[in-house]
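Subject: Structure handover

Hello,

Here is the structure you asked for. My notes on what turned up follow below.

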Amino acid sequence: MSKAVFNMEPFNCPSCVKKIEHAVGNIDGVEEVKVMFNSGRVRVDFDETKTHADAVQDIIVRLGYPVLSKQVS
């Protein structure tokens, strides 16, 4: 199991959080998504044999939320 943390701008609305959690949570191999509203951080636990951090980042960016940086462990 791997973990990625995506640093973004703080979110303005709860619907943005739900949108990201839903889209990322539907990626095959994603086990858990936690969006931290005030800090603008998105933590994703995933199975690296099924997906990777770049695929998660692509989904977030396609939703219209720029990723400032990411850490993968």
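A residue is called buried when its relative accessible area is under 20%, exposed when over 50%, and partly exposed in between. Aspartate 45 comes to 15% relative accessibility, so aspartate 45 counts as buried. Keep in mind that this is a predicted model.

**Salt bridges**

How many salt bridges does the structure hold? The count is three. Side chains of opposite charge can pair when their charged atoms come close.

Start with aspartate 45. Its partner is arginine 43, and the closest N and O atoms of this salt bridge are 3.8 Å apart. Arginine 43 also meets glutamate 32, side chain to side chain, in a salt bridge of 3.4 Å, N to O. Glutamate 32 sits in strand E2 and arginine 43 in strand E3, so this pair ties together parts that are 11 residues apart in sequence.

Arginine 43 has a relative accessible area of 22% and is partly exposed. Glutamate 32 is partly exposed too, at 38%. Aspartate 45, as said, is buried.

Another salt bridge joins the side chains of aspartate 54 and lysine 70, at 2.3 Å, N to O. That pair links distant parts of the chain: aspartate 54 belongs to helix H2 (residues 53-62), lysine 70 to strand E4 (residues 69-72), and they are 16 residues apart. Aspartate 54 is partly exposed at 42% relative accessibility. Lysine 70 is partly exposed as well, with 30%.

Strand E2 covers residues 30-36 and strand E3 covers residues 41-46. The two pair in the antiparallel sense, over six bridges. Valine 33 stands opposite valine 44 of E3. Four residues lie between the strands of this hairpin. Glycine 40 is in the turn, and its phi is positive, about 75°.

**Asparagine 7**

Is asparagine 7 buried or exposed? Its relative accessibility is 17%, so asparagine 7 counts as buried. Asparagine 7 is placed in strand E1 (residues 2-7). Its side chain makes a polar contact of 3.3 Å with the side chain of glutamine 71. Leaving aside neighbours within four places in sequence, asparagine 7 touches Gly40, Arg41, Val67, Leu68, Ser69 and Gln71.

**Nonpolar core**

In soluble globular proteins, nonpolar side chains tend to be buried together. Here the largest nonpolar core has 20 residues. Which residues have the most contacts inside it? They are Phe6, Val42 and Ile60. E1, helix H1 (14-25), E2, E3 and H2 each supply at least two residues of this core. H1 gives the most, with four residues.

Neighbours within four places in sequence aside, its contacts include Val42, Val44, Ala53, Val56 and Ile60. Val67 is also in contact with phenylalanine 6.

Best regards

Terms used. Residues numbered from 1 in each chain as written. Predicted model: local features only at pLDDT ≥ 70, side-chain atom pairs only at ≥ 80, totals over all residues. Heavy atoms only, no water. Pairing = 2+ DSSP bridges. Buried < 20%, exposed > 50% of the residue type's maximum accessible area, 1.4 Å probe, protein only. Polar contact = N/O pair within 3.5 Å; in protein donor to acceptor, adjacent residues only side chain to side chain. Contact = heavy atoms within 4.5 Å. Salt bridge = Lys/Arg side-chain N within 4 Å of Asp/Glu carboxyl O. Core = buried A, V, L, I, M, F, W, Y, C linked by side-chain atoms within 4.5 Å.
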